[in-house]
Structures are given as C-alpha cells and as structure tokens.
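Here are a few exercises to work through with the viewer open. Try each one before you read the solution under it.

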Amino acid sequence: MAFAEYAWLIPIFPLIAFVVIGFLGNRLFKKWEGGAPVAILMTAISLVLALAVAFEALTTGDGTPFVQSLEWLVVQSGEFNFTFNMGIYIDNLSALMLIVVAFISTLVVIYSLGYMHEEGEKKRRYYAVISLFISVMLGLVLASNFLQMFIFWELVGLCSYLLIGFWNTRPSAASAAKKAFLVTRIGDIMFMIGLFVFFIGFQGNLDYTHIFNNVDAFVGGDALLTFGTLMIFGGAIGKSAQFPLHDWLPDAMEGPTTVSALIHAATMVKAGVYLVARSYPVMVETPDTMLFIAFIGGFTALFAATMALNNTNIKRVLAYSTVSQLGYMFLALGAGGYIYYYHADFNVGYAAGTFHLMNHAFFKALLFLSAGAVIHAAHTEDMRLMGGLSKKLKITSLVMLIGCISIAGIPPFSGFWSKDLVLEAAFEGIQYNGLFILLYAFGLITAFLTAFYMFRLWFLTFAGKPRDQHTYDHAHEAPKVMWVPLAILAVLAFGSGFAFLMGFESVLVPGLEGFVPHEASAVDLLVAVFTNILTYASILAAVLGIGLAYLVYYKGTINPAVFTATPARKAMSNVLLARYGFTKAYDWFGLKVIYGISKVVDFIDRRIIDGLINGISAGLIRAGGFLRRGQTGFVQSYAAVIVAGVSLIVILLFYVGGVI
Amino acid sequence: MFENIPILSLLILFPLLGAIAAFMLGRSPKAAKYVALVFSAIPLALVTLMLTEFSLSGGFQFVENYEWISFLGINFHLGIDGVSVTMVFLSTLLVFLAILFSWDVEERLNQYMGLMLLLEVGILGVFTALDYFVFYIFWEVVLIPMYFLIAIWGGMNRAYASIKFFIYTHVASLAMLLGIFALYFTTAPLLKADGLIPVDAIGTFDMQLIARVAGDGLGHMLQIAIFGALFFGFIVKMPVVPFHTWLPDAHVQAPTAGSVLLAGLLLKMGSYGIIRICLPTLPDAAVDFQLIMAVIGVVSIIYGAFACLAQSDLKKMVAYSSISHMGIVMLGIATLSQLGIAAAVFQMFAHGLITAVLFMVCGMFQHKAGTREIPLLGGLAPKVPILATVMMMGFMASLGLPGMVGFLAEFMVFTSTFDTWGVWVLVPIATVALTAAYYLWAMQRSIFGELTTKIDTKHMHDAYWFEILPLAVLLGFIVLFGVWPAFALDLITPSIPSVWPLNGVI
C-alpha cells in the first residue's frame, strides 16, 4: 500500500485551491478566469493521486481495508470515555467512488472554463466553492467513521446550497437553494439520530472497522438496531432525493449546469447510495430496513420516471431521471441485503447497486454536460424552443445520443449491463418475498419509461425542424474546452459497462461473512447474461420505449397531442407537471403550518407573556404611586437603595439567623 | 511561571484600572478608546499566557484565597477550572473585540469605554469567584454597566428596555441571594460538626466548603427549596421561556457591542451558575429538578426557534435564537450526565463566539443600510460582499454546520439526550431544521434576490477595518474550534466529574 499512505492528501489539494482562490483576493485572479487554472491544477493532481490509490486498492488489495486515522477528540474523564477519529478508509468501494468523483470533478472544472466564461467577477466565487465541494466530497468518500462521514455529508450540502444559489440575485435560485438545504436537512436529522443509536449501541466508537467487526456486540437489541439503520437510511433519502424527500432536486437545476452535472447527478446525490453500501455490514443485519430500502428505491424509480415524461425543460427531465436512476441503485442494494439475510452465499445486489452508481455517474454527467452545451448554444432550457439542433451541434448531438442509448440500456452500452443486474437482483428477491414481484415490475416499467423520455428529449432537442428560428440561428457548437470532456465521457458512457466482463462482481464485494465473490470468465458471464430471458425482457422494454419516442417525436406517426386528448389524460399530465402536488405540499407545510405556528408563538410572546409582565408592573406602579417621592430617576440612587437593602438583609439574617 | 503572581486578581484589576482611567479621560475621549483597548488586551494576553500553564488535571488552579470579612466567613477566594477557564477566555476575547468593534462610537466615548471595562470586571469576577459573597457582588456589578449601556447608547425605546432588563434580572438576583443566605445559615452547623470551620464562626460563604457538606447534610425538602431559589436566579439570566421577554427588548435597544457582551457573556452567567453552584452543591435536588430542567430546555429550544421565524427585525431574530441555543445548554445540563454537561459548557463557549458574530452583523446592517427590518432589505450581497459573506458564515455556524464550533456541541447534547430519554430526542432535534429555516429565509430576503428599492443603496459602504478585524478573529476561532474541538474540550472534560460525579454515559 505505497500510495494509500498518501491518500489523505487527495482532499487536501482541492482544499488548497479553495483557500487560494477564495481568500487571495479578486485582484490576483481577474485575468486568470477567476482562478480556474488553480482549481484545474489542484483537482488534476488529486485525480492522479486518487487513480493511483484506487488502482492500487483494486488490484493489490486482499479485501482488508487500508485504515489510517488520528485521534480527533478523546474524552477520558471520570466514567465517560469515547474517541472520535478522523481518518481514511480505503477499500474497493471507496476506490470506486474515488475514481468516479475525482475523474468527473476534473472534467467538470475543465468544462467550466468554457461554460462559465461569461460570468465575470462571479467566477472566482464559482471556482472557490466548487474546489471546496470537490475537497469535501473526496473527504466524504475517504472517511473512516460515521461521524466523519456526517461532517463531510453536511459540508457537501453547504456547497450544494452555495452553488444552487450561485446566481443569487435570481429569486428562484435563492429559493431553490434554501429548499435543497432544508429538505436534505430533514434527512440529516434522521442520519444524526442513527448516529446516536450507533454511538450508544456500539459503545462510543463510530469507526467503520469497529462497527463492522462488532456488529453482534450491538447493545440495545434488534429493534433498536433496525431503528438505527432506518434512520441512517433516512439521511440517504434526503441526500439522494428519494421519495418523499425528492422534490428539492428538480428545483436544484437553478444552479449552473456544471453544478447539476457534478453535484446533482454524478457525485453528491450518490452519497446516499454510498452510505448504504458503506454501512452494508450493519445494514444486512436488519432485513426489514433492507426491504424498506428496496421498496423506496423501486417506487422512486418509477415515480420519478413518470414526472420526466412530459416535462419540457431539458434539465428537469434529466433531474427526474437522476432521481429515478438513484432509485434503481437503492432497489439493488436493498434487494441484495435482504437476500443475504436468507441466503448468504452470493447475490448480485451489492455489485449491481455500486456498478450502476459508477455507470450512471458517467452517462449522467455526459448527459448533463451535453445539455449544458445545448443551453450554452441555445440560451434556453426550454425544449419547445429547440429542435433541429443536430445540424449546428454535431458533436454534442452525437455524444448525447451515446448517453441516451446508454441510459436506455441498449447493449453493449454501459447502462445496459448495470441496469440488467439491478433487475436481476430484484427478480432474485421474489423467492424470498412476494413484494419483489412488484418491485421488479416497477423496475421493468421504469426501463421502458426511461428509454422513452430520454429519446423524447433527444428528438425534441436535435431532430426535426427548428421550432424557434431565432434560437436556431444563434446556436453554435461548444468550444473545444467543452466538447473534449464530453468526448471523454462519451467513451466511458459507452465502455464503462465492460468492467462487468472484467470481473466487477468479484472485485466489488461487500465484505460480509459467508459472502463468496462470484468468479467467472468474461465468456461465461456473457453466456449467462444472454441466455437469461430477463435480459431480453429489459432490452425489449428499452427498445419499445425508444420506438415509441421515435414514432411520436421523430416520425410524427403519433401526434404528441394524443397524450392530452381526453380530460382524464389532460388531468394526468397536469398532475405530472405539478409533480404530484409535492411542491405545493412542501410550500403549504412551510408557509401555513410552520410559519403559522411561529405567528402564534409570536402572539403569545407579545400579548400574553409580555402583556402579563407589563400588566403586573403597571399595577405595581399605580399601587406604589404614593412612594413616588422615592423615585428620583437616578439609577445611582436605586443602586444605593439596593446596597442598603442587601446590607439590611445581611444584618437581619445575621441576628435572626443566630436564632434559627 | 505564575507561582507567586495573583494572576486572577490581576485579571480583574486591569480592566478596573482601565475603567477608572477611561472615566477620567472625559476631556480627550479619543484617548479613552486606546486606553480601553490596551486595558482589555492585557487580560486577554494574561489569559493566553495562563492557558499555556493550565494543567489538565481538572481541579481548581491559580487559586487565591484572602481573608476579607472574616467574622462573616467571607474570603476573597478565586480559582478556575476547566469549566470557568473557557468562560474566562471567552470574556476577555469578546470584551477586547467588542471595544475594537466600537471604534466609531462618538457619543460620550470615554464613559462608554469605561462601562465596557467595568462590565469585564464583573464578568471575570463571576467566572472566577469561589466564594458566594464575592460571586454575588460581581454578579451585581455586571448589571449596572449593562443597564447604562442600554439606557444611554440604546435605541428609541431604550428606557423601557433598560428598566425591564434591570428589574427582571434584579428580582432574579434577589431570589439567588435568598438561596445563598439559606445555604450560608443551614450549612454552618454541618461545617462546624465536621470541623471545617471554627466553632465560633457564624458560617462560611466558601463554595467548595459548602458543597462538601450540603449534599449529604441538608434535608431533602430544604435542598429542593434552596435549589429552586438559586435555579430561578440563574434561569432568568440565561434566559429560558417564560422568563425571557426582557432579552429581545434589551437586545433590540442595546448598542451593538452591548448586545455582543449581553448575549455572548451575560447569558452564560446563568448557565454557569447552575453548573458551578446548583449541580455540585445540591445534587439530590438536581435529580428532582431533572425533568423540569429538561422541559424548560426543550420548550426554550422550540419556542425560541419558532419565535425567530416570525421576526422581521434581524436583531430580534438573533436575540430569539439565543434563547433557543441557550435552551440547548439547559437540555445538556438536564441530562445530568457528564457527557451532557461537558457538551453544555462547550455549547456555551460556542454560542458565545457565534452570537458575537451575529450581533456584529446586525449592527453592521443597522449602520450601513440604516435598518434591520428584513422586508426592507434584499439583494444586498453584490453591494456589500464582505458583510454578506460574514453573515452567511455566522448563520451557518449558528445553525450547527460541521467544521464550525457549534456542531459538535449540539451533537453531544443531543447524543446524551438520546442516551437519557431515547427517541424523545426527536422533539428538540427537529428544531435543527427550523433553525436552518429561519436563518436561510432571513438570508434569502436580506442579501439574495433582487436589489431592494425600499432603502437607499447607492451609498452603502462595505465593512470597515475595525469591523472586519474582530469578525475575522471570531470566525477564525469558530473554524479552529470546529475543526479541532479538542482544544476546548480537553480543557473542559477533566473538570466535569467534580461538577457532576454521579454517573457517566459510556
């Protein structure tokens, strides 16, 4: 473990960039793209180191994690003792996350050179905060205990808040930033309660190694542990925008598209998935939690996909798609953990979830950044004003097509491999719990819907005739600094799925007792995949989805108006556009319930408590009117009276006290 | 290094000398502020030096004990342990920075500076006294300069606010005084029986001596009665709901530096009193009061947070947030666990640093925008970027963001709450979201969005050096103790068993 010794430096480099850009003044960076070169350099350095560390861990690791930590807070006094550590924990899972985070971060900062070029003085703030984000996100990945993870968990939330509200003079952006922070904070509170359960139950030590090795030593019983893991998952629900805390993510699209790609698609929103995968050794002890995770995941996958069907904002569609795909990951992880409880040998759930995490990071970053290139060219996010842009944006349209095919799940693109595994995991669960029939169905329908809305998006944007001549005329291909990262991501969006054939399943193992990694040659794996009837079901779903989108939005065989032709369909469409009323419900809760209570509290404070106090004093003043001569108005004399009074009491008590 | 130097007395003496000097400099008020700055820097330097010598053994250190009024058993007895040293450091730091922040005050400058230093005398006395009589004297000393600071340099409604502050806290002091006398007279026979004081003495005001006999020797009902009297005196000062209404009024009227010291230090005197006096002296009564303390704490947390959301005056909002955050201190104490009490002390320290930033920010809004009414503000971030950044950092610290000092304190309080009362922790912890809500909403309406047209923003000036400097120091400490909380907690925790020896969590 030669490189791992230096892994702690990985988050340090971007942190240096943050400090340098953030505090060294405007003057230095006015001509330097707001400090972009510093951010790119530092991120690139940490990418190199991250790749070295990750490859070392993936290739030479023997399954035992590399842990390095220093004592952050040691409390040893009287009868209470505990230690909080700060450290790094490197195993295959964190190695995978390191690659994803460091790699996409670097590409996004480079891409920002083009995308954010016209932002003027605001650029310095952008590069400072995004460097901070990269630093704390890498810190989150490397954390060696739950408290440390929570600390970085909150800090990535802060960066998310700052970047969603980057254009803070726009009221909508400021509002969206606030919403993101508050909604995820509800999840964070649950996470915190989970930490309390772990802290007490595992006797004051939150280190992964301690907890994973002493799962059986939990004090407090199964019910408490289930409660604890549920609460931990509550944190993931908020951060990864799962039902019912999903509604902040579409609003988060108010931020720059680079931010949406990096934070709200590829990295931060994956933190919830990472958290569940990370705490797998504890989570699998509580099958009820696992079932709940699978259910929330499966339901969210379908639920979010429906909202993407008729939205006309290119980024919003991608946001719903992200929520939906995150649901897939939770479905796989939950199913895997649930199955493990009954049958410990092997199941694909864990590998499927983490594999989809990686592939999704690549193709969704590609999709968002391509959308960014479109927005950069068209100066609008509204797909109704686009159309025919493939003639102007040849590269962008091509790479985005690769992304669309990948997410739709057409072999051999990456999305196919992992989505197939997710559905396989869900299907496997049917043997153990009938609920998985439903969840598998959700997953399959989602596959169909995903293919449909992604190709709807592509056709609406790039195909056909321009619907807005002005937009079309001004559109131009993205500069090189933008399309080169796109091209790199396109290669990965196509090819990252081949990791499956190279033995992803046998490398990404959850480190559970009795869990036997699945070793198989590439040919065997291929045979296994393509002799399985389920594979063809999911391919069929994807093809049908693409076909329908083609007929509606390209050939025009079916008029899109057919979806809103009857009052019932129209109503359904409006429900989707209104996000099933969640936005209104959130607002109602905040404004009517919470603010309403606060108005009542304010009334109690002013009228009742203070009213009482003022009433008493007014009464005293009236009653004491005859003592007015004593009221000179000089506080000195009041003080003198006080001193005299106190002395009197002392003397009185002194004499009377003797009697007592 | 300090073996033969009465450093705690010097700590109190220097501000007193400075105060006298400042009062006498009526003819050249400008000189008064330099005098004040120097005489507030000296205690800060002394405390810093003292910290290098501070032992982590947990007991009282730098103890001084001089006979004063010996026939009544009054000694000038000072000493500090881990609980008080954090408060002493906070006091010297905040007074120094508050004086610096007041650099542009012009009205009756020398008196203003003198009062600030006099306030420091009182506060340092309270946090170092180990004798009830000395404690009470200093406790009252604090009251007077604060009263004048509000009454002379306050806002429109200052007369009402200052009188309310004075009467409220004074009534509480009297309750406390009764409690002290009761302790004095009831423990005297016990102390004599144990041979701790001479048989012909009337009694003693020594805190440690009284604590040695009170817990075991006094009857249960008597303990409860005395605890009640002292406790009432302290909670009004903290303050907790429903005895809190003097605080928002006092803050709204007080000048900025006054608010900084009021929220940063004066409130801590209340919780400090509970930790220093109530718990170790009357532990059985503390157990009886546990549920009351918890309820008071939780109600203050929730009530304060909801009240914040309804405020339109930025400063009033921050004032209510103090009630909410001091409720967390109360809850930590109420757990009656060593973890909770240590966390409470850390929260006091954290709140002192953070709330100072918040009140300075409010003062700057008043100064630069001419108003603190949130509905009149809006979109000011591009106009005053430094102020906006500082505001955001302060708010983030106050809502408990990790990496800043408030997080771990709250986290530890809630951990021990969970340990004591299980899932009831859901009730107070839910306000964590509410806290974020009122801060973020206030920021959204004051610095984000479109630039306001309701006030004149053309001539707005961003922060001056004497504003940036104290804020930078405070924020530096907020981040330092957030990133490395052991700096503070290593001081605090060894002393906790002597405050509350009975049980531990883990």
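A residue counts as buried if 20 or more other C-beta atoms lie within 10 Å of its own. Keep that in mind, and note that this is a predicted model.

**Exercise 1.** Work out what share of chain B is buried, and check its radius of gyration against the globule rule.

*Solution.* Start with the count: buried residues make up 66% of the 506 residues in chain B. Next, list the parts, which are 20 helices and two strands. The globule rule gives 23 Å for 506 residues, and the radius of gyration of chain B is 22 Å, so the chain is as compact as a globular protein of that length. For the outline, the C-alpha trace of chain B spans about 75 × 60 × 45 Å along its principal axes. Last, take the contacts in chain B between residues at least 6 apart in sequence: 79% of them join residues at least 24 apart.

**Exercise 2.** Describe how strands β1 and β2 of chain B are arranged.

*Solution.* First the pairing: β1(B), residues 61-69, runs antiparallel to β2(B), and six bridges join them. Then pick a pair, E67(B) opposite N75(B). Now the turn: the two strands form a hairpin with four residues between them, and G73(B) in that turn has a positive phi of about 75°. Finally the cover: β2(B), residues 74-80, has five of its seven residues buried.

**Exercise 3.** Find out which helix of chain B gives the most to the side that touches chain A, and classify the residues on that side.

*Solution.* Begin with the totals: chain B puts 52 residues into the contact and chain A puts in 50. On the chain B side, helix α17(B) gives the most, with seven residues. Sorted by class, this side has 39 nonpolar, eleven polar and two charged residues.

**Exercise 4.** Trace the contacts of F133(A).

*Solution.* F133(A) is among the residues with the most contacts inside the largest nonpolar core, which has 462 residues. Leave aside its neighbours within four places in sequence, and F133(A) is in contact with V156(A), C159(A), L163(A) and I263(A).

Definitions and conventions. Residues numbered from 1 in each chain as written. Chains lettered and ligands numbered in written order. Predicted model: local features only at pLDDT ≥ 70, side-chain atom pairs only at ≥ 80, totals over all residues. Buried ≥ 20, exposed ≤ 12 C-beta atoms within 10 Å, placed from the backbone. Pairing = 2+ DSSP bridges. Contact = placed C-beta atoms within 7 Å. Nonpolar A, V, L, I, M, F, W, Y, C, P; charged D, E, K, R; others polar. Core = buried A, V, L, I, M, F, W, Y, C linked by C-beta atoms within 7 Å. Rg over C-alpha atoms; globule rule 2.2 N^0.38 Å.
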